[in-house]
Amino acid sequence: MLDFPAESFIRFFHNHALLDYRGRPVWRTVAGGTGSYAARILAHPLISFAGEAGVETVLRDAGGPLVKCRDHAPRRFAAVVMAAHADDSLALLDQPTAAEKSVLGAFGYQANRAVLHRDTRLMPRRRRAWAAWNYLGQSINDAGHEHLAVSYWMNRLQPLATDRDLFVTLNPPFEPASVLADIAYAHPVFDAAAIAAQHRLGALQGQGGVFYAGSYFGFGFHEDACASGLAAGVMAGGDLPWADLLGEQTIRRLPALDGLAPRLARRVAAMARPSHSPAADLAAAAE
């Protein structure tokens, strides 16, 4: 823990109000889960979704970015947003610059197993000690090294329509009973190199018409991916009906957006002008 970057630790605790005894924020969840708003976005008439296209590489030339999909010739676009992990985005670039290799390559990822289950053995023994997040440590060798895990009490985190206790454990130290789902994830590791690289992400935006977004812009959370994706869409020139949500508080929350605040503010202000037609501009950008 002594090697963990203090900046990341403090930002995380501040973001989650973990040091506030009073006035803690109300945690909210999206009704129906993330699929509900993803479906609404994809149903927009100006959006064409090709989930099985099989993107192989992103190229750039004087005319802008091109996307090469499996079994297809490269197709040119006005802009490309790489909404993926930093290492995956870097691997998709045909000829990454030295800066892109340095910044995107600074983010490492750790594989994590998430198990949805009903096994109370992966929760504190005393039910009164159950919290939304529960740290678990188990010694695994004589050197005192621990197997670290976290159990989330989903009934406490979300308004679930059930009286059965449901838990999600990351990297369980033993095989849980009553497993309902088992999913593999990869989460960014925010070491000193990654924290330093976050402040350099802004300089990459727009080079050759390519923009970046992902949870690595913030703390590795879903909300960070959403906010950085919104910022990328704004900077890429698209007019978004909800662009005003990209306010100062959101920008300051993500270290990677700090240096882009003036540019983002100008774009958001321009979208607020009555003369602007988001639908027309988005259609033009899609041509």
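Is Glu56 buried, exposed or partly exposed? Select Glu56 to begin: at a relative accessible area of 42%, this residue is partly exposed (buried is under 20%, exposed over 50%, partly exposed in between, with a 1.4 Å probe and protein chains only).

Before moving on, note that this is a predicted model, where local features need pLDDT of at least 70, side-chain atom pairs count only at pLDDT 80 or more, and totals for chains, interfaces and linings use all residues. Residues are numbered from 1 along each chain as its sequence is written, and side-chain values use heavy atoms, leaving out hydrogens and water.

Lys68 sits in strand S2 and Glu56 in strand S1 (residues 55–61), so the pair ties together parts 12 residues apart in sequence (strands are DSSP runs of E, at least two residues, and helices runs of H or I, at least four, numbered from the N terminus).

Next, pick Arg60 and Glu100, another salt bridge, with the closest N and O atoms 2.7 Å apart. Arg60 is partly exposed at 22% relative accessibility, whereas Glu100 is buried at 0%.

Finally, select Tyr216. Its contacts (heavy atoms within 4.5 Å) include Leu104, Phe107 and Leu201, not counting residues up to four places away in sequence. Leu104, Leu201 and Tyr216 are among the residues touching the most other members of the largest nonpolar core, which has 37 residues (buried Ala, Val, Leu, Ile, Met, Phe, Trp, Tyr and Cys joined through side-chain atoms within 4.5 Å).

Terms used
A salt bridge is a side-chain nitrogen of Lys or Arg within 4 Å of a carboxyl oxygen of Asp or Glu.
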